[in-house]
Amino acid sequence: MMACCETACPLWVDAAFSAVKIALAMGFGLQTAAFLTWVERKQSAVLQDRIGANRASIFGFKFLGLFHILSDAIKMMTKEDFAPPQGLKPWHTLAPIISMCAALMCLSALPFGASVELFGRSWNLTPIPLEYGVIYVLALLSVGVHGVVMAGWASGSNYALLGGLRGAAQMISYEVAMLAIVAGPLYLYGTLDLAQAAAWQARTWHGLPLWGIVLQPLAFILFLTAGAAETKRAPFDLPEGEAEIVGYFVEYSGMKFAMFLNTDFLESIVLAGMTTTLFLGGWHLPGQSHLGLSGPLLAALGVVVFVTKLMGVLWLLMQIRWTLPRFRFDQLLDLGWKNILPLALVNLLVTAWAVHLFS
Amino acid sequence: MNAKHTVAKVRRPEVRFQEQIYLIEVWKGLVITTRHLLVNLYRHLSVALGRGGPAGSVTTQYPDDPQVTAKRSRTRHRLLKREDGTPRCVACMLCETVCPAKCIYIQAEESPDVMVEKRAKTFKIDLGMCVFCGYCVEACPEDAIRMDTQFIAFPGMTRKDLIWDMPELMGDVKKDPKPVKAVDPLGPAAS
Ligand code: SF4
Ligand code: SF4
């Protein structure tokens with residue numbers, strides 16, 4: 001599975017390096033997810049002329065309400081871990097674990113940077129370099145639906161069950177659309193490897209970076225839409241439906257609930273990472289060749305650029321989340337099956353035709 | 001049905017194609033929210049840096065900052081006294097009758113003053129039920145009951161604490177209400 005090094009080097013170096021990379025990627029994901037709870041509160045507050053959560057303080061020092069992340073964590077961990085007596089306890093416990101692990105595993109396939117030549121060998125900065133990374137990520141994202149359905153079913157509550165069913169219908173619908181959407185750009189890049197897809201976009205045409213968003217604008221918009229639906233966040237938060245239509249995690253409390261919450265954030269991060277990789281040129285910065293960087297510095301720049309782009313997409317997702325009202329369920333399914341899917345297929349056809357014409 | 005009745009035709013706005021594809025509308029919405037975000041961020045920053053300007057939010061941080069109510073707001077009740085210190089109330093029950101919340105409870109008794117004839121033995125207002133409509137003030141023929149401005153903080157630990165009796169309503173017994181800052185909603189120019 002690991003891209004093997006050219007020179008003979010002990011296996012444990014490879015193993016240790018990939019373990020560190022995976023730990024870093026997952027740590028990055030979890031930290032960002034925690035940070036996103038703050039961003040969500042503050043961004044929504046500022047754009048609605050409010051202040052947002054600002055009461056948590058340590059020795060009277062509030063620091064823009066950042067301590068709410070900490071107080072949230074303490075609250076979630078010390079809350080009663082309630083399992084409904086009419087439910088199925090083992091599955092009730094397993095559901096958030098499946099959801100969150102699937103989202104976490106996606107993170108380790110994102111290409112955070114290119115390869116670095118150091119100490120006479122090349123170090124691949126993708127935590128798990130896979131030739132079929134796109135399939136891996138999409139497959140794991142769809143594993144997340146198991147958690148949703150399992151949570152609904154094991155809660156022993158009809159509301160939760162209905163929420164789980166909504167979640168299943170929504171996520172499966174948009175998975176189909178998602179595959180059709182990424183088919184276009186992937187056909188263009190000629191690879192299923194996320195790192196290679198990002199590397200392909202480093203080319204320019206008369207100074208214009210040929211990123212996916214330039215060559216595949218329709219796919220970009222569709223991907224963001226379908227991705228937002230896949231992550232079950234507003235305006236597509238029908239499985240959850242905080243106040244009006246009770247959702248699949250209604251019977252959850254404490255840390256298990258927080259895991260479902262984090263899953264949504266982690267999936268947003270994965271989605272942002274995929275968008276960055278497939279449409280925003282990955283770690284590529286236009287005009288980076290003029291900087292005269294090389295080796296580790298260039299790789300570090302790549303990681304920074306990738307993370308910055310990822311944060312940008314996350315910001316956009318947040319902004320959309322606080323701009324649009326929720327869809328109705330029939331609108332949601334109509335959007336997925338009757339609009340996004342046909343458009344994605346048309347996009348694939350046009351892309352295939354254009355690739356054959358110009359290559 | 002009366003033949004004179006005509007049903008007014010309301011023209012509903014038509015959903016045009018550009019609204020149906022929704023993307024343009026999403027873009028418009030995003031422009032609005034992003035503008036709010038940036039403007040408010042700038043204002044927050046400008047206030048934080050001590051450069052002044054309008055505040056970035058409309059929030060009143062209530063326990064820390066005083067609650068801002070309108071200058072003309074009518075709040076907690078007050079029973080007025082005559083020059084000799086006796087209550088003006090003649091226990092006519094008009095306020096109790098008019099009160100929509102049915103939260104005034106009066107017991108009448110004979111007054112030693114023959115010119116007054118009747119007075120209130122007990123006069124209770126349950127401020128926990130009062131809707132602060134001011135009808136009691138309007139109804140009173142003796143100008144015996146009024147409402148103070150800016151007294152909105154009269155908390156109690158139990159519902160019973162919110163039932164105010166005559167001495168408290170006349171101000172003989174202090175319930176320690178905190179007055180709040182008065183602000184004219186029409187702005188300083190109008191006042
Ligand atoms: S203000 Fe209105 S509700 Fe309150 S006591 Fe007077 S009449 Fe009753
Ligand atoms: S209307 Fe005035 S005089 Fe009559 S009972 Fe009420 S407060 Fe007393």
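**Close-up views of a predicted two-chain model**

**Figure 1. A:Asp334, partly exposed at 32% relative accessibility, and its salt-bridge partner A:Lys338.** In this predicted model, the side chains of A:Asp334 and A:Lys338 meet in a salt bridge with an N to O distance of 3.3 Å. Both residues belong to helix H11 of chain A, which spans residues 329-358, and they stand 4 residues apart, about one turn of the helix. A:Lys338 counts as exposed because its relative accessible area is 58%, which is over the 50% limit used for that class. Side chains of opposite charge can pair when their charged atoms come close.

**Figure 2. The salt bridge between B:Arg78 and B:Asp148.** The side chains of B:Arg78 and B:Asp148 meet at 3.0 Å, N to O. The pair links distant parts of chain B, 70 residues apart, with B:Arg78 in strand E2 (residues 77-79) and B:Asp148 in the loop between strand E5 (145-147) and strand E6 (163-164). B:Arg78 is partly exposed, with a relative accessibility of 28%, whereas B:Asp148 is buried, with a relative accessible area of 13%. Elsewhere in the model, salt bridges that share partners join A:Glu40, A:Arg233 and A:Arg321 into one network.

**Figure 3. The salt bridge between A:Glu40 and A:Arg321.** The closest N and O atoms of A:Glu40 and A:Arg321 are 2.8 Å apart. Over all chains, the structure holds 16 salt bridges.

**Figure 4. The largest nonpolar core, with 74 residues.** The residues with the most contacts inside this core are A:Val137, A:Phe223, A:Ile269, A:Met274 and A:Leu278. Helix H9 of chain A (residues 254-279) gives the most to this core, contributing 10 residues. When neighbours within four places in sequence are left aside, A:Val137 is in contact with A:Cys106, A:Ala109, A:Leu194, A:Val270 and A:Met274. Another core, of 24 residues, lies apart from this one and includes B:Leu79, B:Ala91, B:Phe123 and B:Met166.

**Figure 5. A:Asn262 in helix H9 of chain A.** A:Asn262 is buried, with a relative accessible area of 17%. Its contacts, leaving aside neighbours within four places in sequence, are with A:Ala33 and A:Met100.

**Figure 6. Two residues other than glycine with positive phi, A:Lys232 and B:Glu117.** Most residues other than glycine have a negative phi. A:Lys232, with phi near 60 degrees, is placed in the loop between helix H8 (217-230) and H9 of chain A, and at 1% relative accessibility A:Lys232 counts as buried. B:Glu117, with phi near 70 degrees, is found in the loop between strand E3 (104-110) and strand E4 (118-126) of chain B, where B:Glu117 is exposed, with a relative accessible area of 56%.

Figure 7. The area buried between the two chains is about 1,500 Å², of which carbon and sulfur atoms give 64%. A:Val46, A:Asp49 and A:Ile51 supply 34% of the area that chain A buries against chain B, more than any other three residues. Across this interface, 0 salt bridges are found.

Notes
Residues numbered from 1 in each chain as written. Chains lettered and ligands numbered in written order. Predicted model: local features only at pLDDT ≥ 70, side-chain atom pairs only at ≥ 80, totals over all residues. Heavy atoms only, no water. Core = buried A, V, L, I, M, F, W, Y, C linked by side-chain atoms within 4.5 Å. Buried < 20%, exposed > 50% of the residue type's maximum accessible area, 1.4 Å probe, protein only. Helix = DSSP H or I, 4+ residues; strand = E, 2+ residues; numbered from the N terminus. Contact = heavy atoms within 4.5 Å. Buried area = accessible area lost by both parts, 1.4 Å probe. Salt bridge = Lys/Arg side-chain N within 4 Å of Asp/Glu carboxyl O.
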